[in-house]
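Dear colleague,

Please find the structure handed over below.

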Amino acid sequence: MLAVNYVTEMIYQGRAFQLSFLILVGILTYISYYITKRGKEWTIRPIEALDAIDEGVGRAAETGRPILVLPGISGLGSAQTLAGLTVFGEIAQRAVEIGITPYLITSSTDVVTASEAIIRQTLEAVGKPELYQPGRYIKWYGSGQFVYAVGAAGHIMQEKPAFVSAIGYFLADVIVTMETATRVGSLIVGGTTDQSATPLMAMLSDYLLIGEEMYAASAVLTKDNVAAGTLAAEDLIKVILLILMVVGCLAWAVGSRYIYNLMGV
Amino acid sequence: MSTTLAYIRAYIGRIVVVVCCLGILAGYYFTSPTVGGVSDELYTWNMCISSFTLFVGLITIFSRYGRSIINRDTNWPFHLYCLVLIIIWIPFGFHYGIYADLYQTAYLSTKITLHIAILGLLIFFMTSALYRTFRIRSLRTAVLTFLAVVMIFLNAPYLRSYFPTAGDIAYWLLNNPQMSGARAMVLCGGIGGIILGIRILLGHEKGALRVTGGM
């Protein structure tokens, strides 16, 4: 009992369940990682929007027009931005291998630094380090939401990209950028987990990544079996959550608030 | 760069990411003042690094726009105008301070005006996007268009006076299918984000730290 009290005092009120759940997620992910390392092969269901990335790169190769990646209006602290940068890494590699210029426009200065590193590494990896120039591929037009949108729209009008990938955190700015991309005939793949921007994305993009699909991008694009294994862990966690929800609802229906209180809601 | 050096550089980067990530996470969960202090310190470092990257952004703009002006590229007068504005604003801010009335008035009277202009333009972008989206070409697009019309009724009091049940249908749609779908998306997005973080820590997310494979 003393030990329980000590642990309770150590953790902020209402966060014990969150911490336990995070540890459980880590353990399950490591188990799937371990199973994969021992030779288990995973298959991922086809995700149309991610398959469309190859189509977009192909279209850019046919038309000789560039590719544009928009990782959204958030910084490196956002998981959505990281997902956008992952897609940028993969697209950039495919593009520079066939001589297509990939551009990235961001509103966050820390993303500028990370993206410059990604494009430099990509050019080194494909054996074309001499093509690297700071500021050539990564553009920053300002940190404001609409400053970013207008800068990106201007860039789209000027460069007329064949393919636009808008995966990351977006708000109403997405209307300006993606509608402009539609006007110049770009193929658009959109993805965000923000509730207010998802309907806009659905309206404006040719292919849409809904919810966690955008986080599966690297596993699908690289066909990395270990990354695919972590997606299996993700599905297992969803099943656990579903069971918790059903049990919680039933418990609530019979008058017990145990699950509710346990979660620290 | 030799392979060994690239490998060491990648691992140093990954170790820094892991330590910082765990440090900040610990600050969120644990009440210990020491852990809180470490977390605050890491946040401060983050702020410092972000501030320095602002200079990287400025250098990028100067380098790109400078080249554009010298080569007389398309739209070079706008690039010149932007550089002149930046050059004026920086000493202006340093001299008066960013909270001075003069600075705030000058800043807001330009920024807010431009911001509102863009917000006004959104309606035109929105209209053309809506025209494309709500064209009835199949049963699914017909259902989508019908639901959109119901939502329009909800936001148009004049139409609701003729179709009073439209409001009830719209609220039912918002509170049931929309709410459950949105919550499912938030939950799955959250889990996806955590798994992405773990993949980055394990070195299997090639985008952010794409030098080497997994540990």
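The pLDDT is the predictor's confidence in each residue, on a scale from 0 to 100. It applies here because the structure is a predicted model. Within chain A, this confidence is lowest in helix 1 of chain A (residues 2-10), with a mean of 74, and highest in strand 1 of chain A (residues 67-72), at 95. Chain A as a whole has a mean pLDDT of 88, and 99% of its residues reach 70 or more. Where pLDDT is low, the predicted coordinates should not be read in detail.

I turn next to the contact between the chains. Chain A contributes 56 residues to this contact and chain B contributes 47 residues. On the side of chain B that touches chain A, at least two residues each come from helix 2 (33-71), helix 4 (101-133) and helix 7 (165-202) of chain B. Helix 7 of chain B provides the largest share of that side, 17 residues. By class, the residues of the side of chain B that touches chain A are 24 nonpolar, 18 polar and five charged.

Helix 7 of chain B also packs against helix 5 of chain B (residues 139-154), at an angle of about 115° and with the axes 8 Å apart. Angles of 65 to 115 degrees count as roughly perpendicular, and the two helices of chain B, helix 5 and helix 7, are therefore described in that way. The crossing of helix 5 and helix 7 of chain B is left-handed. Among the residues that meet there are Leu147(B) and Phe153(B) from helix 5 of chain B, and Gly167(B) and Leu173(B) from helix 7 of chain B. The contact of these two helices of chain B has nine nonpolar residues, one polar residue and no charged residues.

Yours sincerely

Key: Residues are numbered from 1 along each chain as its sequence is written. Chains are lettered from A and ligands numbered from 1 in the order in which they are written. This is a predicted model: local features need pLDDT of at least 70, side-chain atom pairs count only at pLDDT 80 or more; totals for chains, interfaces and linings use all residues. Two residues are in contact if their C-beta atoms, placed from the backbone, lie within 7 Å. Helices (H or I, at least four residues) and strands (E, at least two) are DSSP runs, numbered from the N terminus. Ala, Val, Leu, Ile, Met, Phe, Trp, Tyr, Cys and Pro count as nonpolar, Asp, Glu, Lys and Arg as charged, and the others, Gly among them, as polar. Axes are lines fitted to C-alpha atoms, for helices over the stretch in contact, and angles run from 0 to 180 degrees between N-to-C directions. Angles under 35 degrees count as roughly parallel, over 145 as roughly antiparallel, 65 to 115 as roughly perpendicular and the rest as oblique. A crossing is left-handed if the near helix is turned anticlockwise from the far one by less than a right angle, and right-handed if clockwise.
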